[in-house]
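Work through the exercises below with the sequence and the structure open. Try each task before reading its solution.

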Amino acid sequence: MNTPARLGLYGAGLLAVFGVAFAAGGVLVPDATVAAWQHSAAYGATHTPDPSASTTQEADVNGTSIAQAGFTLSEIQAPLTVGEEGTLSFAIVDRDGTAVTEYERAHGKDLHLIVVRSDGAGYRHVHPILDATTGTWSLPWTWERAGTYRVYADFTSGGTSVTLSRFVTAGGELTPEPRTSVVTDTRVDGIDVSVSGELVAGAASDLTIDITRNGAPVTELEPYLGAFGHLVALRDGDLAYLHVHAHGEEPAPGETSGPTVSFTAQAPTAGRYLLYLDFQVAGTVHTAELVMDAVAGTTDTSTDAGHGGH
């Protein structure tokens, strides 16, 4: 059986498995994801849509595919249920099916692993360890919430930066936590974080984040992943991975800053976006979760959303 046929059968099987889960009411998967699975099962991995049929909702965004630029994210091994201790592992393979073992460091790491549930809950940004012999990335793992998660592998190899992703389901009692409103101010670990600026679809948008504690500016922000803050932005609905750049030069070790951190983000379409800011104070990394809506712009057309934080 040739490769496209095998992939087509795999996609059909995947639909069958998740169809059972939908009937049980125990899995969170956005409608856009279901449509993508159906499309993949019908046409196989080698089908290329007609570019003339593209719309703003079908923008060529990053982080929504298991394969790109000659790299493929393998199946992900992880614990099956909430509370079960185990290991999360995977590999990146090339066109020949060989596990990749050579990576270029970006933002202080060879690979960034982002995990988030389909409704935006349970976000984690971690850095697994590579077994240079087998090409397997792994780290200890326990699911804290049940549901369907998108797992992103963000890396650079051979001079090419790629963000690939797969879905993984954690069994257990599901409590949905949809992002139903805009959140521009939040508190994490006693630290207040707010974002200002406007997201405009199809254009580069400047965002400013202010960090305070008890009304006083936090000026002890420490370098983390090559900046004083690392921002991941995801499109609500399909969790497409946006292009985000931190302003300024890479800080020197021991340098501090604050209370503001600025970024440029590019939203491909109008709609809701989920923002996750990682920042470090006194050696501890904190994650603030924010929600913004992008307004329609005059150039709200199909664009490449690129890599979060790159």
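**Exercise 1. Contacts of a loop serine**

Task: find which residues S257 touches beyond four places in sequence, then place S257 in the fold.

Solution. Step 1: list the partners. Not counting residues up to four places away in sequence, S257 touches V218, T219, E220, L221 and F228. Contact means heavy atoms within 4.5 Å.

Step 1: note the ground rules. This is a predicted model, in which local features need pLDDT of at least 70, side-chain atom pairs count only at pLDDT 80 or more, and totals for chains, interfaces and linings use all residues. Residues are numbered from 1 along each chain as its sequence is written, and side-chain values use heavy atoms, with hydrogens and water left out.

Step 2: locate the residue. S257 sits in the loop between β17 and β18. Helices (H or I, at least four residues) and strands (E, at least two) are DSSP runs, numbered from the N terminus.

Step 3: take a C-alpha distance. S257 and E222 are 35 residues apart along the chain, and their C-alpha atoms are separated by 6.8 Å.

Step 4: classify the exposure. S257 has 25% relative accessibility, so it counts as partly exposed. Buried means under 20% relative accessible area, exposed over 50%, and partly exposed in between (1.4 Å probe, protein chains only).

Step 5: A cis peptide bond joins G258 and P259, with omega at about 5 degrees.

**Exercise 2. The second largest pocket**

Task: state which residues lie nearest the centre of the second largest pocket, and which element gives the most to its lining.

Solution. Step 1: get the volume. The second largest pocket holds about 250 Å³ of space. On a 1 Å grid over the protein atoms alone, a pocket is an open set of points where a 1.4 Å probe fits, with protein on both sides within 12 Å along at least five of seven lines. Grid points are joined across faces, edges and corners, and a volume is the space filled by probe spheres set on the points.

Step 1: read the lining. It has 21 residues, and G226, A227, F228, A246 and H247 lie nearest the centre. Lining residues have an atom within 4 Å of a point.

Step 2: assign elements. β16 (230–235), β17 (243–246) and β18 (260–266) are the elements that give two or more residues to this lining. β18 gives the most, with 4 residues.

Step 3: sort by class. The lining has 9 nonpolar, 10 polar and 2 charged residues. Ala, Val, Leu, Ile, Met, Phe, Trp, Tyr, Cys and Pro count as nonpolar, Asp, Glu, Lys and Arg as charged, and the others, Gly among them, as polar.

**Exercise 3. Aromatic pairs**

Task: how many aromatic pairs does the structure hold? Then describe the geometry of W141 and W143.

Solution. Step 1: count. The structure holds 7 aromatic pairs. Rings of Phe, Tyr and Trp (its six-membered ring) pair if their centres lie within 6.5 Å; planes under 30 degrees apart count as stacked, over 60 as edge-to-face and the rest as tilted.

Step 1: classify the tryptophans. The ring centres of W141 and W143 are 5.5 Å apart and the planes stand at 75 degrees, so this pair is edge-to-face. W141 is buried at 3% relative accessibility, and W143 is buried at 1%.

Step 2: W143 and Y149 form a tilted pair, 4.6 Å centre to centre with 35 degrees between the planes. Both residues of the W143 and Y149 pair are buried.

Step 3: look over the face of W141. R124 lies there, 3.8 Å from the ring centre. A charge sits over a ring if NZ of Lys or CZ of Arg is within 6 Å of the ring centre and within 35 degrees of the ring normal.

Step 4: find the cluster. F71, Y103, W137 and F155 form one aromatic cluster.

**Exercise 4. A strand threonine**

Task: which residues does T87 contact beyond four places in sequence?

Solution. Step 2: list its contacts, which are Q77, A78, P79, S138, L139, P140 and W141. Step 3: compare sequence with space. T87 and P140 are 53 residues apart in sequence and 4.4 Å apart C-alpha to C-alpha. Step 4: T87 is partly exposed, with a relative accessible area of 42%.
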